[in-house]
Each structure stands twice: as C-alpha cells, then as structure tokens.
Amino acid sequence: MLQLKVTNSPFNQEQVELLHSLLTSLSDTQKIWLSGYLAASAEGPVAKKEVTILYGSQTGNSQGLAKKAGKFLEENGIEVTVSSMSEFKPTNLKKIQNLLLIVSTHGEGVPPDNALTFHEFLHSKRAPKLEDLHYSVLALGDSSYEFFCQTGKEFDARLEELGATRLYKRIDCDLDYEGPAGEWLEGVLGSVAETQKRHVSIVKPEISYTRTNPFHAEVLENINLNGRGSNKETRHLELSLEGSGLTFKPGDSLGVFPENDPALVKLLLEELKWDPNEIVQGDVSLQEALLTYFEITVVTKPLLEKINQFLKNEKISELLGEKSLKSYLEGRDLLDIVREYGRWGDTAQEFVSILRKIPARLYSIASSQAANPDEVHLTIGAVRYQAHERERKGVCSTFCAERLQPGDKVRVFTQPNENFKLPMNPDTPIIMVGPGTGVAPFRAFMQEREEIGAKGKSWLFLGDQHFVTDFLYQTEWQKWLQEGVLTKMNVAFSRDSAEKVYVQQRMLEESKELFKWLQEGAVFYLCGDKKEMARAVQETLLTIIEIEGGMKREQAEAYLADLKKQNRYQRDVY
C-alpha cells in the first residue's frame, strides 16, 4: 500500500490513510453524494448577524458613538442599521433580534429631544412584549447631576420588563466616556458575533485632535462685549485652529478644558496643610494637580459618599439620607467640605484619589469656518455669584475672562451637534431666538449664510438686559440687516423699562407673521438657558400656534411635535 506523507493537510497520518482507502473504493456517484453531504454538514444552519443601533442625543455624543459603533461592527461582519430614536418606528421592535441603545440623559433626568417619542412609547401600554429581543444599553451622563444616566437606566429596566434579554450589561458613562464605551462594545461584539473576546477601542479618531487628545489653540483675541456699567461680562474669544485639522459646522460646539482658580487652590492647600510639591498621580505635584487636573468646585452625592468612607462622619451620614442634600450641596465646593469636616486620607494621593478629572465645558461656536478659516470664535458669559458667605466663580468662564490673554494656549476640541443645524436647502426661512449668549450660534448661522449667498429669509429675536451696554454684536446684526442677510430682527432689553420685556413677548407681538413663516416651512431655532427661558419660549410658541392656527391645545402640541419630527424645531439649551 502506498504510504502518504502529511504535509499541509489538517488530517493526521492515520486519517489520511483512512480517507485514501475510502475514496479509492467509492463510485463517481457516491463521491458526488459525499461531497454534497460534507458541504451541507460544514455550513450547518447559518444565523444572520444583524444589529440595530438607536441613539438618543442632545449634543451629539451619543450620535457620534452610534455611528462609530456601527462602522466597527460592520467591519466585523455584522449587518448594522443606525438610526435616531426619533426616526425609528417603535412598532418595528418586534422585527428586531439585536438592539443596541446609546442614549444620553438631558437636564434633570429627562431624555434628549430626539428620544422623547420612543421613550414615551416604550413606557406606554402600547409597548409590545419583546421575548425574542436581545439588547444592551450604553448610557451617557454627567455624575455631577442627581439623575446620572437616568434615561439609559429607564430604557434598560423597561426592556427587561417587556421580556427582552440582555446581550451585555448596561454601562453608565461619565464625561470621559471613551474607555467605558469601548468596553461595552467589546462585550456586545462577543455576544452578537460569538467570537473570541478581544481588545476593542471604538473611538478611533478620524483626526489627530479629539477630546482625549485636545489641540492647544492660541488665543488671538479676548474682548469684553459689554459696555461700561453693565452688570455682565461677556467675552468674545477668538482662537487659532491653524494646523489642527479640526473642522466644524454652524451649530457645533467647542470643548474647552479649563484650569481652576489659583486663588481657590491656594486656600485649599492652606487648609490641607500638605506640601504643595508632594507628587501625586505618579508625576505631578499636588498643587499642579489641583490647578489643572481635578475638579474642586463641585461636590456631588457620589463624591460625598466617597469622602465619608474615609471620614465616617455621623453628620455626613445623616445628610446623605436627607432630601435636603441637593440644596446643601448647591454652591458648595471642596474647600467648604474640608473646612467643615476636615481633610480625608492619610496622604495627598489618598485625598485626590476620589476626585474626578475637570470636565471640558462645551460652548456653542459663534463663527463660520467658511467665513473664518483656521479660527473659531466663542461667546462666553463670566459666571460670578455669592454663596455661603464666599464669592464663587464659574470654572471655565472666569478662566477665559480673567486669565486667558492673546498668545496663551488653551486645550480644545470640536463637538458635532447634528441636532442643531442650518437647513440643507439655503432657500429655507429660519427663525432664531437667542437671549444673552444664546446669540452665539446665530452669529455663525449668519456668517455661513452670507458666505454661501443663501436666499432664504432669516429672523432673529435677541434679548438681554440693557440696549446701551448689552447689545451683543450690535454692529454685525445691523450690517446684516442692511445687506439683507438678516431679514428681520426684534430685540427685547428687559431692564430698560419699568416692566420687564423678554423675547417671548416680542414673539407674541409678531404672532401672525411668525406663524405665517412656520406655514411657509421655516425652521425654528432656540438657544440659551434651559431652566426658565426655554420653557417660556416653547409655551409662547404653542400659544401662537393655538391663536393663529385656530387650534385647540392638543392640536397645537401635535403641530409642534410634527415640527420636531421634521427637524424644524431645534434647540441648543444649557
């Protein structure tokens, strides 16, 4: 018998000899049947790997992660559909096998605007049983807020209630979300593709400068926009992006990494009584770490709980269980806690080990890149107030107002915001409502529309305290009015009359024409304070729709909901 030698075969010598013996004894018909049998056995039942990714995003973080996650899964042989929650038909949930939700929490525990309808449906009696659905949730949030990642938690719990099975555990991300997001996608990929777990980094920078690797932008200009005697200080900041490769569109934001107030750090070091030059975090001094690395101006419940693990203070323990905790923490910083309860930890390293990194602050960009190549402009209101018998300062706003000079460098990155964008068609009319620093993105809108020669009508409602001292970018608006780039402008200066007048009153005065613009297809934009102004403006808009459209309240609300679905009601509130 011929001896066969195994070279590159997957079979051992004994198996090769058995195969040879079998094959030489088979007829042609038997060989054909055997080849078909082996092919069918090898293939087996093929399960299609499909994943639907839905995102709920207010500032663009969830949307960006959803797109990158989709791209990565596709590269690993999985069919992916990525969609905003607002564009997804909830009734299609029964048709899906694998669902990934990437969602942020907006404000005090509420879903982002483009997740509201989906959230309401899922928590309603109309929601179907989903026993065949496998899912996982990536929740984005900010741990300084009481309802951290609340929307993601609610989605996770509700899907389980409806009978769905987790593909992978929910992960809650703080402001530094890249690492946890990568861990989550790694777990999801392992479950969906049933492949060997591997190290995954889903946030692959398409450009060299990102949140995790910010660009050091040079300050070109830093000007106070308010006149002498104003109660406010609003800075117009111009930064150079030359050589960064960073790009942005009107409506996007710029992330700025601030540094803490040296005066506050000095007071804190005096209380701690540790050597400011003691090394922490491996290679920086305690003083440098408190200045540039750690958040020291905000105290949250999670932080207070960690502090009490060191101090075991009875008063703190009682406070953590009380409803009054939120009001107690408001306006307090690390210095207050150290002065009241003493320092924690035996060493400086132990003290800082429970602190979180200073988060970047996002500001609406106030310029068009088409009009100002290699530059980015910001409009920043300096925050200062008294609390607990001490002056308090906004970390980033006063960093920019008091300590940034032309020639200095500041760490920045661009943050896309797909939920606050000019219409694709430049002939579309736009209505812009922007009190105070809320005018920032509308300055970018006007620069862009002027640059591209847009023909669509534009209308600005601008508000502030005093005409003489607080009319931000006054000469620019007037120039755009004269040239027809800006069609119409209404202003409201609340402190120039006995009775305060706000932008919503100006909207009511123009209710007939405003509704006419909406009927003509105008997109309505709102930027500014979310606590009071945003609610008041939306309420006023509903009233205008009721009156001018001859509608009942429910009809007006449906009209506004339809505007949202068409992306004709867009908000950038903070």
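Colleague: Is Gln281 buried, partly exposed or exposed?
Modeller: This is a predicted model, where local features need pLDDT of at least 70, side-chain atom pairs count only at pLDDT 80 or more, and totals for chains, interfaces and linings use all residues. Residues are numbered from 1 along each chain as its sequence is written, and side-chain values use heavy atoms, with hydrogens and water left out. Buried means under 20% relative accessible area and exposed over 50%, with partly exposed in between (1.4 Å probe, protein chains only). Gln281 has 35% relative accessibility, so the class is partly exposed.

Colleague: Happy with that! Where is Gln281 found?
Modeller: Strands (E, at least two residues) and helices (H or I, at least four) are DSSP runs, numbered from the N terminus. Phi of Gln281 is near 55°, a positive value in a residue other than glycine. Gln281 is found in the loop between strand S10 (279-280) and strand S11 (284-285).

Colleague: And what is the phi of His388?
Modeller: Most residues other than glycine have a negative phi. His388 sits in the loop between strand S14 (384-387) and strand S15 (390-393). Although His388 is not a glycine, its phi is positive, at about 55°.

Colleague: Now the helices: which residues in H17 does H15 meet?
Modeller: Helix H15 covers residues 440-452 and helix H17 residues 474-483. Contact means heavy atoms within 4.5 Å. From H15, Phe442, Arg443, Met446, Gln447 and Glu450 take part, and in H17 they meet Glu476, Trp477, Lys479, Trp480 and Glu483.

Conventions
Axes fitted to C-alpha atoms, helices over the stretch in contact; angles between N-to-C directions.
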